[in-house]
Amino acid sequence: MQGSARRRPFPAAAPGSPAPAGTLFPGRHGAVKGEDTFKTSPFHLDLWFYFTLQNWVLDFGRPIAMIILPLEWFPLNKPSAGDYFHMAYNVITPFLLLKLIERSPKTLPRSMIYVSIIMFVMGASIHLVGDSVNHRLIFSGYQHHLSVRENPIIKNLKPETLIDSFELLYYYDEYLGHSMWYIPFFLILFIYFTGCFTPVAEESRMPVAALLLMGPSSLYYWYLVTEGQIFILYIFTFFAMMALVMHQKRKGLVLDSNGLFLFYSFIITLLLIAGWVAWLWNDKILRKKYPGVIYIPEPWAFYTLHMNNLHAAKESL
């Protein structure tokens, strides 16, 4: 149109020049945005709230929904309500992790993030199948505080090779599935954590909303570590965070609000785990199932051992 200003195209970036601000993944893997190396992000209230909400509802709430809802609605030979929760978790969580990475003020390694997300989805999907069968076995009398071969409903199976199949299912659920699920999850959180530093001391404080979310977030991480039996992975991630904080402090950098939220949540999680272990330290039955040097009972093993007995005692009155 005559008289209107023509829009000038953006000049092409010179070779080796930094990517424009806001670019998540530049051409070179792991490159850092030169002009926003020390740019900080405000507290991601929406993302952290969605993380906490969906973790509690879709992950922690899975087995609870399966037990509470009437069995007639979800027969034992069909997916349970918890399975549908798990399916939603497998879709929503990778999306939230990617959105979290996008908001990092630092450009992060593209290939590592993509591979981690792919492995996360694969591991969570493997866990979906194994966990679905294992939790449905509760209705048949399966007791999580016992090993597969010690369970009354398993050890009497004929032929005995069926027991090997259930042990294989348990391996996919508790070992392979958990490893492929949780290792990428904690790796992505740590990669994001590396970009949560600022030279401005005034920005190293958390808003009230962050303090309110810290409790539910830490409690969920406690459940994740204890039920997933991933204390080694968690503690190594936490030690790596501590080492990075001390290293960046020598450079005059401090954590921003998002980094503080993640770091303090891990600290509170460690305290909760210590309290949990101290409470069940003298439980001989759980000690038998978790005989290793690291003794951290699973909450669902505690439930089938003590809470089921409590419910049965009430019903007999």
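View 1. At 33% relative accessibility, Leu71 is classed as partly exposed, because the partly exposed class runs between under 20% (buried) and over 50% (exposed). The model shown here and in every view is predicted. Leu71 sits in the loop between α1 (45-68) and α2 (81-102). Together with Ile64, Ile67, Ile68, Leu76 and Phe139, Leu71 forms a nonpolar patch on the surface. The accessible area of these residues together is about 480 Å².

**View 2. A salt bridge between Arg103 and Asp46.** The two side chains meet with N to O at 2.8 Å. Arg103 has a relative accessible area of 31%, so it is partly exposed. Asp46 is partly exposed too, at 30%.

**View 3. A salt bridge between Glu150 and Lys288.** The closest N and O atoms of Glu150 and Lys288 are 4.0 Å apart. This pair also connects distant parts of the chain, 138 residues apart. Glu150 is in the loop between α3 and α4. Lys288 is in helix α9 (residues 284-289). How accessible is Glu150? Its relative accessibility is 36%, so Glu150 counts as partly exposed. Lys288 is exposed, with a relative accessible area of 59%.

View 4. The peptide bond from Lys158 to Pro159 is cis. Its omega is near -5 degrees. Most peptide bonds are trans. Pro159 lies in the loop between α4 (152-155) and α5 (161-193). The side chains of Lys158 and Glu160 form a salt bridge, at 3.9 Å from N to O. Both Lys158 and Glu160 are exposed.

**View 5. A network of charged side chains.** Salt bridges link Asp59, Arg62 and Asp131 in a network. The count of salt bridges in the model comes to 8.

View 6. Helix α6 covers residues 208-228, 21 residues in all. From its first C-alpha to its last, α6 reaches 30 Å. That is close to the 30 Å expected at 1.5 Å a residue. Where does α6 bend? The bend is at Met214, by about 35 degrees. A proline, Pro216, follows within four residues.

View 7. Gln229 lies in the loop between α6 and α7 (231-250). Its phi is near 55 degrees, a positive value in a residue other than glycine. Most residues other than glycine have a negative phi. Is Gln229 buried or partly exposed? At 35% relative accessibility, Gln229 counts as partly exposed.

View 8. An unreviewed UniProt entry lists several stretches as "transmembrane region", including residues 113-130 and 259-281. Others in that record are 47-69, 84-101, 181-201 and 230-247. In the model, residues 113-130 are 100% helix and 0% strand. The end C-alpha atoms of this span lie 26 Å apart. Residues 259-281 are 91% helix and 0% strand. Here the end C-alpha atoms are 33 Å apart.

Methods
Residues are numbered from 1 along each chain as its sequence is written. This is a predicted model: local features need pLDDT of at least 70, side-chain atom pairs count only at pLDDT 80 or more; totals for chains, interfaces and linings use all residues. Side-chain values use heavy atoms; hydrogens and water are left out. Helices (H or I, at least four residues) and strands (E, at least two) are DSSP runs, numbered from the N terminus. The expected span of a helix is 1.5 Å times one less than its number of residues. The bend at a residue is the angle between axes fitted to the seven residues ending there and the seven starting there. Buried means under 20% relative accessible area, exposed over 50%, partly exposed in between (1.4 Å probe, protein chains only). UniProt positions are given in the numbering used here, feature names are shortened, and annotations may be inferred rather than shown by experiment. Patches are made of residues with over 30% relative accessible area and no salt bridge: like charges are joined within 9 Å, nonpolar side chains (Val, Leu, Ile, Met, Phe, Trp, Tyr) within 5 Å. Accessible areas come from the Shrake-Rupley method with a 1.4 Å probe; for residues, only the protein chains shown count as cover.
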